[in-house]
Amino acid sequence: MGDHGVTIEGPPDEAARPPHPRETAGAAWTSNLEAGSLEEAQIAGIAVLDRDGKVVEANPILQKLLGCPSDEIVGRHLLDFTISPSARKDRELFARVLREHRTGLLVERRLQSRNGRETWGRVSVFPLQEAEGRHAALAAIEDVSIKHGLETRIEVLEKALVERRRETEDRFADEEAARREAEEARKQIEGVLESITDSFIALDPEWRFVYLNHHAEEYLNTSRDAAIGRNIWELFPRSVGTIIHRSFFQARDRGATVEFELFESKSDRWFDVRVFPSEAGLSVYFRDVTEKRLASQRETSLAAVADLTPDFIGVADADGKLLFLNQAGRELMGLGPAEDLNEHDVFELHPEGASRTLLDEALPQLIRDGRWVGETVALAHDGREIPVSAVLMAQRGEDGEIETFSTIWRDISTRKAQEERKRFVSEASHRLMASLELDEVLRQLPRIAIPMLGDFCNLVMLDGDFSHQVAEAHVDVEKEERLRELRRFRFSAPGSVGVGRALAMGEAELVPEASLLWERAAAVDEEHFRLLRSLELRSLMFVPLKARQGVFGALSFGITGDSPRRFGPDDLAAARELATIAAFAIDNARLYGEARRSAHVRDEVLGIVSHDLRGPLSIISIATERLLRAADDEKRDHDRKNLEVILRAAHRANRLVDDLLDVTRMQIRKMVISPVPTPASSLVEDALKLYRGVAKKKGLRLEGSAADGLPEVLADRERIPQVFANLIGNAIKFTPSGGKVSIQAGSAEKGVRFVVNDTGSGIPKSEIPHIFDAFWQARRGSKESAGLGLAIVKGIVQAHGGEVGVQSEPGRGSTFEFTLPTSAAP
């Protein structure tokens, strides 16, 4: 960035030149400077110069710009404090301005400043008229460091754009757009620089304008040339009698600074006005504070709204220092409404683990995306850790840097408690349902309840008209031993409090605070009372256990010792849910035990019947066969019929015994088979030969076939014919005369499929799921059967590793099929 050119005002002929208004102003300023009021000049760095350009006096702003006191400035040439590659040229121009008594903007130069930063100044010179001639000129140095720095950055950007254009000609269009963007940015920056300067005016003691900057020109809607030298009240007569008029006179008359706010109705804007009096007149600053005022109003309104919400709302700076907390936030941190937030930061709002998680996970996303949503833990002033749903947002300034963070928290303790309760109930359900042993369920139940539902849990069961404790658990092993001592006491079922009330009324009871009177009412005797006292009861719940037969027990829950926790409605709701699951589990275990005992009795009966009947049936069969052989010719026809009836009945009873034994073996998984490789077609042919005569006798067609090329199957040569016997026998039995029964064998995905199809009455859809169950008979069946045939079919097929199934529709017949593995199967 090169030197700025020199601007020299005024005609070349000094004698012919009329006095410039600024020179008149300069004379007035000179008189004020001599009166010692230079410190009140707040325009810029100002120095009074003699005819050689040496400093006679410097105001505080100039001392601040140069970073040295007045005594180190006075007596030195003004340009000694500038750094310039053309210092000689600058001195010649400066001397010309002083010699020709002209007003001019000399140069912009870097200043030899000791204030610790690179400082640039714009040097302006105003000639002065004075009788004694001691003061030749008034020099002003304005700090243009920011502007200079921005221009430097713009120049660097422009150079980078030019260099990039040289490197890649094919991207010329993009580079040109970038250059235009940079130029537009430079213009915007210049506009920002103009807007941040206050409007400033200087008045002499006669209320005449001495100086006004370009912002003041805009504010007053007048030009500098039109205003300087004119009386402010004449130029703006409507201001007379207003706050401006009163404040200006007040500052002059009292000799004290006056500050006030001014509202301009035309522009609808607010200004912060500061009036500084001096012997030279008044220096007045007008600062536009409209946005600040509106922001303050908005902040006040938002703060009022934020205080109405129960959610935590806070704002912190980029370093984490708190700037704002709504009422809910202050209450959480234990801060009063007037307590200063600057001494607190956001890390005080979280326990250590949560703070570390936010730094590691939330902060990177917040910086990257400007927003983070998630769950964390807040730390209350009393040490409570509160789960919250949080939204964090980052606010960036015009430079793109993060200036503030804002956050909104919502207490999700209730939701978390509900979720925890659901998890607890689900886990409790899994654990209680994992066993069907009643003793194990009763033992596990109290342990599952703690510590979620208190320090201890007791399980009490009804036994006739009395109740007694059967299981207990406590988080404290020593107190658990005391709880176990309660098993010694038996209580009459009805009661007015505690377990007795739950058993009698079937209703849950909540005791938030266990009192001495309550313990006395719950105790059955003095010993029981002392035992209750030793447990240090603090809060209690009692919930009945209900099943199909009604209330059969109760659960009691308690908090003991020094625990600050107390039971509430949510705890009682969770206890009720556990009691419902527990009652279901206990009832299931009871039913399972009853079913197992019934099955054991049934198995014993079946074993006795099947084994004890086989001997007598064999004797009957043998004796009947001998009688048939021994009967003489005269009695043979009459006796044979009776003996054959006896023999058929014995054989049928013997088959029933065999079936009972088969079912028993299947149920205890002791059915033994001896499969051997067998042609599938031979199994079909044997079945056809065995039942063709029976089918023909009933007027049925019996057909069968096997697909070509079927592999051999693994089949027990005694058991598989038994399968065909049951399936074909049922088909013949339930197919009316004129119908058809067919047997087929074909390939299946896993081995060979055998199908027995009939055109009989079919099976109702509701009965199909049960037809393979032992001892079950369809409504179409006769009562002569025990309902074991199809159960035996299923057991035999499954023992071979096959599958069995059925398809049927009433009136359209039935199709039974089963599969057998092939001999080549692994």
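This is a predicted model: local features need pLDDT of at least 70, side-chain atom pairs count only at pLDDT 80 or more; totals for chains, interfaces and linings use all residues.

Select E25, E27, E28, E30 and E29, shown here in their order across an open sheet of five strands with mixed pairing. At the edges you'll find E25 (701-706) and E29, each pairing on one side only. Ignoring direction, neighbouring strands here are turned by 15° against each other on average.

**Stop two: a strand pair.** Now pick out E27 (residues 740-748) and E28 (residues 751-758), which pair in the antiparallel sense over eight bridges. Click on Ala-745 and look across to E28: its bridge partner there is Phe-754.

Go to Ser-808, in strand E29 (residues 804-808). What does the side chain of Ser-808 have within reach? A polar atom of that side chain lies 2.7 Å from the backbone nitrogen of Ile-763, and one lies 3.1 Å from the backbone oxygen of Gly-813. Leaving out residues up to four places away in sequence, Ser-808 also touches others, including Gly-762, Ile-768 and Ser-814.

**Last stop: the cysteines.** Select Cys-68, which is buried at 8% relative accessible area, then Cys-457, buried too at 0% relative accessibility. If you go looking for disulfides, the count comes to zero.

Conventions:
Residues are numbered from 1 along each chain as its sequence is written. Side-chain values use heavy atoms; hydrogens and water are left out. Helices (H or I, at least four residues) and strands (E, at least two) are DSSP runs, numbered from the N terminus. A polar contact is a pair of N or O atoms within 3.5 Å; within protein, one must be able to donate a hydrogen and the other to accept it, and residues adjacent in sequence count only if both atoms are side-chain atoms. Contact means heavy atoms within 4.5 Å. A disulfide is a pair of cysteine sulfur atoms within 2.5 Å. Buried means under 20% relative accessible area, exposed over 50%, partly exposed in between (1.4 Å probe, protein chains only). Two strands pair if DSSP finds at least two bridges between them. Axes are lines fitted to C-alpha atoms, for helices over the stretch in contact, and angles run from 0 to 180 degrees between N-to-C directions.
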